Amino acid sequence: MQAAAFLFLDRKWETDQELFRSAVEYVRHDGRKVNMLLFPEGTDLNPKSRGRSDAFAVTNGRPKLEHCLYPRVLGFTFLYEMMRTNKVMDAVYDITVAYPKDIIQAEKDLILRGPPKAIYFHVKRYATADLPQIQSDLETWLGTRWVEKEQTLSKFYEKNCFSAEMKGRRLNAIPLLYVSCIAWTGLVTFWLWLLSSFLIADLYFIAAMVVYSVITFYLNGIDRFELTRFKGETASQG
């Protein structure tokens, strides 16, 4: 996940905003188009997080949500403003995910119950030019989207579809689950064969584990290491 450019937050705004700022500057300097995925809720839906969301609703005079949690607006608004001003974003995509049969909460559920039988995605695009430019208005906009998301999910679970008129696309025509299981099983088997047959494979594995461990525990992960390297490089260039 570190090598895939996931941003691991400290849950401290003083350091997290610097991480966001560095990541956006890195993207702008790199020049390639990227999709940045953000979960404004900050966690999954469970009894503890639902309690915090309900408490927020009561304190701020808002309705309680059943199917989702109220978003944390600070990270979203900061990241949005950074990406907008650095001209690395042209739209925000609001993605609502629905599970018509069962919801897998943890790895244990995945093992005992298997993967979800179906997953539905409701996607709506908002152009940057149509979004509020003032932070307080953007916070209100995000809160409104979550109330709409709650209504959308409520209707979905009544009829098991987002809309009768909405055109959808079936993505599981090929049994990708089985293909991925076969591929990963084959890859793991191949690596076990390499490790049991060649000393150089053992040395490579040990070296990789040492390097990853050092980067993770002493340099805060590959993601932070790369961003720190980038900042040092750009600073030296003036």
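Predicted model: local features only at pLDDT ≥ 70, side-chain atom pairs only at ≥ 80, totals over all residues.
**Entry 1: Lys87**

Next I looked up where Lys87 sits: the loop between helix 3 and strand 1 (91-98).

**Entry 2: Arg11**

I then turned to Arg11, another residue with a positive phi, about 65°, although it is not a glycine. Arg11 lies in the segment before helix 1. With a relative accessible area of 56%, Arg11 is exposed too.

**Entry 3: the whole chain**

I stepped back to take in the chain. How many helices and strands does the protein chain have? I found 8 helices and 2 strands. Going along the sequence, I wrote the pattern down as α-α-α-β-α-β-α-α-α-α. The C-alpha trace spans about 65 × 55 × 35 Å along its principal axes. Of the 238 residues in the chain, 26% are buried. I also looked up contacts between residues at least 6 apart in sequence: 65% of them join residues at least 24 apart.

**Entry 4: helix 3 against helix 5**

Here I went for a pair of helices. I keep in mind that two packed helices are described by the angle between their axes and the distance between the axes. For helix 3 (residues 73-85) and helix 5 (residues 135-159), the axes come within 10 Å and cross at roughly 120°. That angle makes helix 3 oblique to helix 5. The crossing is right-handed. Which residues make the contact? From helix 3 I listed Val73, Leu74, Phe76, Thr77 and Tyr80, and from helix 5 Gln135, Leu138, Glu139, Trp141 and Leu142. Sorted by type, the residues of this contact are 7 nonpolar, 2 polar and 1 charged.

**Entry 5: the core**

Next I looked up the largest nonpolar core, which has 20 residues. Phe76, Tyr80, Val92, Leu131, Leu138 and Trp141 have the most contacts inside this core. Helix 1 (13-30), helix 3 and helix 5 each supply at least two of its residues. Which element gives the largest share of this core? Helix 3 does, with 6 residues.

Leaving out residues up to four places away in sequence, Tyr80 touches Met89, Val92, Thr128, Leu131, Pro132, Gln133 and Leu138. Val92, Leu131 and Leu138 were already on my list for the core.

**Entry 6: Lys159**

I found Lys159 in helix 5. Lys159 is exposed, with a relative accessible area of 64%. What is the C-alpha to C-alpha distance from Lys159 to Pro100? I noted 9.4 Å, for two residues that are 59 apart in sequence.

**Entry 7: helix 6 against helix 7**

The axes of helix 6 (residues 176-197) and helix 7 (residues 199-218) come within 5 Å and cross at roughly 110°. I put helix 6 down as roughly perpendicular to helix 7, because that angle falls in the range of 65 to 115 degrees. On the helix 6 side the contact has Trp191, Leu194, Leu195 and Ser197, and these meet Leu199, Ala201, Asp202, Tyr204 and Phe205 in helix 7. This contact divides into 7 nonpolar residues, 1 polar and 1 charged.

How values were computed: Residues numbered from 1 in each chain as written. Heavy atoms only, no water. Axes fitted to C-alpha atoms, helices over the stretch in contact; angles between N-to-C directions. Helix = DSSP H or I, 4+ residues; strand = E, 2+ residues; numbered from the N terminus. Parallel < 35°, antiparallel > 145°, perpendicular 65-115°, else oblique. Left-handed = near helix turned anticlockwise from the far one by under 90°. Contact = heavy atoms within 4.5 Å. Nonpolar A, V, L, I, M, F, W, Y, C, P; charged D, E, K, R; others polar. Buried < 20%, exposed > 50% of the residue type's maximum accessible area, 1.4 Å probe, protein only. Core = buried A, V, L, I, M, F, W, Y, C linked by side-chain atoms within 4.5 Å.
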